[in-house]
Amino acid sequence: MTKQQPLKTIPERFVVRPATLWFDRFMNYFITVGGLSIIIAVSLIFVFILLQVLPLFRGARVEPQGTFRVPGDDYVVMGTDEWSELPFFVNRRGELIFVDTVDPGGPDHRPPFTQTPAWLDEVEVSVVAYNAFRSQLLYGTSDGRFATVDVQYEATFPERGGREVSVQLRETPLMRISPAEVPVQRLAYGNSGNQAIVAAMQQVHDRYELHAVSLVQQRTLLGDGELSVDRSYDLSEHLDGKPEHLLVPSDADGVLIGMDDGRVSYLHFDGHEFHKRQMFVPFRDLDDRRIVSMDFLLGDVSLVFTASCGANRIFSLYRDPQRDARVWGHTKTFPDLERGASFYSAAMRNKAFLIGGGHIASLRYATTESVRWEEALPFWITHAALGPRYDRMLFLDDQYTLHCYRLNDPHPQAAWRTFFGRIQYEGQSAPEFAWQSTGGRDDFERKLSLVPLILGTLKGTFYAMIFALPIALLAAIYTSQFLRPEMKRFVKPVMEIMASLPSVVLGFLAALWLAPIISNAVPSVLLAMGAIIVAALVVGYLWGLLPQRIRVQLKPGYEFLAFVPVMLLVAYAGWQLGFVAERHWFVVEDPSTGLQIADFRLWFPYATGLGFEQRNAFVVGFVMGFAVIPIIFTITEDALSNVPEAFRSGSLALGASRWQTAIRIVLPTASAGIFSAIMIGLGRAVGETMIVVMATGNTPVTEFNPFTGMRTLSANIAVELPEAPYLGTLYRTLFLGALVLFLMTFLVNTVAEILRQRLREKYRAVE
Amino acid sequence: MNDKHDGTVAATGGASEIQQRRVQVAQRRKKIDNDASAQYIQVCDHSFFYGSAQVLFDLNMDIPERQVTALIGPSGCGKSTLLRNFNRMNDLIDGISHRGDILIDGRSIYDPYLEVISLRKRIGMVFQKSNPFPKSIYENIVYSLRVAGRNRRAELDETVERSLRAAALWDEVKDRLRETAFSLSGGQMQRLCIARAIANRPEILLMDEPCSALDPVATGKIEDLIHQLKEEYTIIIVTHNMQQAARVSDRTAFLYMGRLIEYDDTETIFTNPTEEQTEAYVSGRFG
Ligand SMILES: Nc1ncnc2c1ncn2[C@@H]1O[C@H](COP(=O)(O)OP(=O)(O)OP(=O)(O)O)[C@@H](O)[C@H]1O
Ligand SMILES: [Mg+2]
C-alpha cells in the first residue's frame, strides 16, 4: 500500500462527518455483538439444561472406603445403623458384635464390643432373623419360643462436632409360638400397628409344622406396653413339603411360605383367620425351580426371588381383576446372577437391592429392571448390607474383614424407561405411562413418565390450534382481501391488543368464568359452533344465487353487514337448540333414585366411558385459541398484505373473482409467511403455561378426550419446580421435561424453517 | 360490484333511477344504431376523480374495432387512469368516483347489472411492469381458463400453444412450459403476460406502456406482435415513445392535464396536428 496524500481540497459538501462514520461502525459492531450474544445465550441455556439433566443418566459410582477387622465367628445376620458407622453382626449364639467404622486409630474409636438381650443366658437360640426396615431382630429358641429385639441406635452430637452413635437393645420377653417344645427353624414377624403376627416353622419328628400367633400390645397411659400373644393358629395343614423360606409382610396380613420344591404359598390373614389365597411357582419355566432366596423389597409388596441357576425375578402384589383380590404376579426380570444369591439387602429409601454371591455383588433397581452397579470384588462375600441412607455398602468377607464402600447413586430411579417407557409400578396390574411425583406414603414411589406430559402438551396444542387456525387464517384472508380499508384500520389494532392480553388473565377467565358456562352447556356450545359453520356455507351459497339486482345493494367489503345478523341469529338458535337436544338425547338414569336426568356432563362418561371434567381441554383449546389467534392473525395478515399488488391486479384483470384471487394467487404467494405465522402460533401454544395451569385440573393423562384436562410439560414445570428438592431426581426430571420441550420446539421450528425457505423460494416474486 | 359511481349517473338508489338509466342506455343505443360509422368503444363525457382530485375531464372519444389506438401525453396526464377505467381496475382503489360513461358495444361498463368479472374476461390487460404469477409458464397462461372452471387438458394445451404462438414466444419456451415463469427474461415475461392476457380470447386488449422496461430488440418483437394481434383484437396502448405510437397505432389520442386535446388518425396527429400543444408534444418540445 502506498501512502496516499490526502486530497487537499475536498469540497466541504463531500466531507463525511466523523460522527457519521463512527456511529455507522459502532452500530455495525454493536449489532454483530448483539446477534452473537443472543445465539450464545440460547446455546448456554441449552447447555445449562443439559447439564442439569445429564446426571440422571449416570450409573451408580462405588469406591472403597476402608476395611475393618471383625472378630472371627459364625455370623448369621448383619445389620447397620442409619449412618453405617456402627454395623453389627449376630452370631449363632445370638450375641451382637458391634464394629465401629469411624476414624480408625482415632481417640474415639471403639474396639468391637458385644451386647446381648437380657434373657440370652437362659435360652438356646435356634434362629435369628433380621428386619432391616424396622431395625429389629427376631429370635427363635430351641424350646419353641420367640422374642423380638430392637436394635436402637442413637446419635448424639457432641460439642466438639461430629456425631457419636450409641446403641441400645430393647427386647421383648420370650413368648411361646406353639405347644411343641422343639427348635424354631424359621421365623417371621409383621406388625402394622393395628395387628401383628409371628409365624414360625418347626420340625416335630419328621413332620414340618407351621404355627402363627397374633399379638396384642397393651396400651397404657405411659405409652406402648408389652406385646403378648393373643391367639394361636396351627397352619401346618397348608404345608405339603419342606418349607425353606418364611416371610410375613409388615402389614401383618399374610404369610408367605417358600417350599423346597419351588412353590410359594400365600396365606392371607384377615385379622381373624388365615386363608390360602394363592400358590405360585416363580421359576415355573426353569429346569431347576428351587428358590434360593426370597426377600421383600421396600414396602413389602414385592418379592425378590433368585433361582439356583442365578435367575432373578420380582413378583409384586397387585389386584387381580378376575379374582378381585390382591395376588402375586411376575412383574420384573433381571439378568442372571453368575454365582447365585447368598446375600441380600434391600434399600430403605427406594426400590434398590443389593444382591450377589461369591465375589460378585450387584446393585439393582427393581422399578426399572436395571443393574445400577455390578462388580466382582477381590474377596469372598459372606454378608452385605446396604446403608439405610443409600450411601454405603458394607461387605463382610470370609476372612472376617469388613469392607466399606461409598455409594454415590443420587438418581437410582432414572432410566430411559422411567421417562419414556411403560413401567409397571407396584400395585399396578399392567405397565403404563404415569406421572405422579408425590404420594401419601413414605414408601411411595414417584412415577416419572414424561409421556403423559408430552401427550398433554400435544393435546392442548391440538385443541388450541384446531380452534385458532381456521379462525385466524380466515379472518386474516378476509381482512386483507375483502374488508374495506377503513374497517381494516380498526380491526388490526384491536387484534393486536388482544395479543397483548396477559395469559394469566385469560387463564383466570377460563377457569372461573368460561369453564362453568361451557360445561353447563356443552351441547349448546357445540351446536352454536356447528350452526355458524353450516350457516356460513349456506348463506354464502344462497348469496351467490341471489339476483344481482339485490346483491349490488351492498358494496363489496360490506357484505358482512348482511352476514353478521344472520350469524348471530343462527348461533343463538343453535345455543337454544342445544338445551332442547340435551333434554331429549343426553339423558341418563340416576342409579340411586331411578330418576331420568338430562345432563351432558353425566351422559358423556356414561355413553363413552371417558371422563368429563369442568376444566377440560375444550375450554383450554378455546382460551388458548384466543391467545394464539391474534399472533397468527397479525402475521398472516401482514404476509397476505405484502403480496405484491401486481399479482392481485393481474389476477383480477384476468377475470378472477376476489375469492379466486385470494386462494389461487395471494395465499400461495404468502404461504411462507403464513407458515411462519402458524409455527409461531404453535410455539406459543406448546409453551403456553398459565392458561393450562389455571384452566385444567393438571391431571396427567394419556388420552385425547376433549372433555378431560391434561398436564403439559410447561405447566408441569411451573407446578412442580417450587416443590422439587434442589438437584434431586424430580428436579432434574423437570429439567428433562424442559429439555424435551426445548427439543420439541426446536425440531418443529427447524422443520418449519426448512419448509418455509422452500416455499419462499418457490413463490419468490421477481423484483 | 359497482360501488364507485356516485356521480350524476350513479344508480345506487331506487328503482326509478335504474329505470332512468335504462332509458338513457336505450337512447344511446339508438344513437349508435343510427350512426353509420358505429364505434366499438365510446367514452362519453367521462370525468374521473381520485377522492376529490379530478384526474379526467369530460373525455369524449370513440374507439374503432380491431384497430390500435395509442394514448399519449405527458406524465401524470391520466393515460393510465383512463386505460384502467375501461376494465374498471380502478375499482380496487379507495374513494374513487366518476361521471359520464364508457360504453362497450353499446353497453355501459358501469351498468349495475353487469358483472365486473365478465367485463374483465372480455378485456385483457397487459401491465407496464410484467407481472407473471409465481407459477409455471403453463399455469400462467391457463389461469384465466382455470378460474372459469375450464380444466380440460386438451383445451388447456391447445390454449397454451395458441397463445404462446400468438405472443411469438412458443418457440422459445415450448420445452420448458413447466418451469417457473420467473426463469424468463424481462422481454419474454412481458410477452408471456401478453399471451396470458389473450388466452381467454378477449375482445379488447389494454396495454400500459408494455415496452417501457424492454430493450429495442424485445420492443421490436412486441411491436410486431401488436401488428399481428390487431387482426383479432381491439388494442388500446399507452406509450411514451412517439416513434412507437407512430409505428403501431392507427389512431392516436393526445391527453394533457386530464383533457383530451386531440384525437385523430395517427398519420394526422404526427404530421399535421390541429392543436399547437399536440404539435409541440409530438415534436418533443415539451412533455
Ligand atoms: N391511486 C391514486 N390515487 C390518487 N391519485 C392518483 C392515483 N393514481 C394516479 N393518481 C393521480 O392521477 C393522475 C394521473 O395519473 P396516471 O397514472 O393516470 O398518469 P399517467 O398519464 O399514466 O402518467 P405516467 O405516464 O407517468 O404513467 C396523476 O396526477 C396521479 O398523481
Ligand atoms: Mg401510467
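Contact here means heavy atoms within 4.5 Å, and helices are DSSP runs (H or I, at least four residues) numbered from the N terminus, as are strands (E, at least two). The structure is a predicted model in which local features need pLDDT of at least 70 and side-chain atom pairs count only at pLDDT 80 or more, while totals for chains, interfaces and linings use all residues. Residues are numbered from 1 along each chain as its sequence is written, chains are lettered from A and ligands numbered from 1 in the order in which they are written, and side-chain values use heavy atoms, with hydrogens and water left out.

Helix 1 of chain A has 36 residues and reaches 52 Å from its first C-alpha to its last, close to the 52 Å expected at 1.5 Å a residue (1.5 Å times one less than the number of residues). Its buried residues are A:Ile49, A:Gln52 and A:Val53, buried meaning under 20% relative accessible area with a 1.4 Å probe, protein chains only. Helix 16 of chain A is included in what covers these buried residues.

The axes of helix 1 (residues 18–53) and helix 16 (residues 729–762) of chain A come within 8 Å and cross at roughly 140°. Helix 1 of chain A is therefore oblique to helix 16 of chain A. Axes are lines fitted to C-alpha atoms, for helices over the stretch in contact, with angles from 0 to 180 degrees between N-to-C directions; those under 35 degrees count as roughly parallel, over 145 as roughly antiparallel, 65 to 115 as roughly perpendicular and the rest as oblique.

In chain B, the secondary structure comes to 11 helices and 10 strands. Buried residues make up 55% of the 287 residues in chain B.

Note on methods
Buried < 20%, exposed > 50% of the residue type's maximum accessible area, 1.4 Å probe, protein only.
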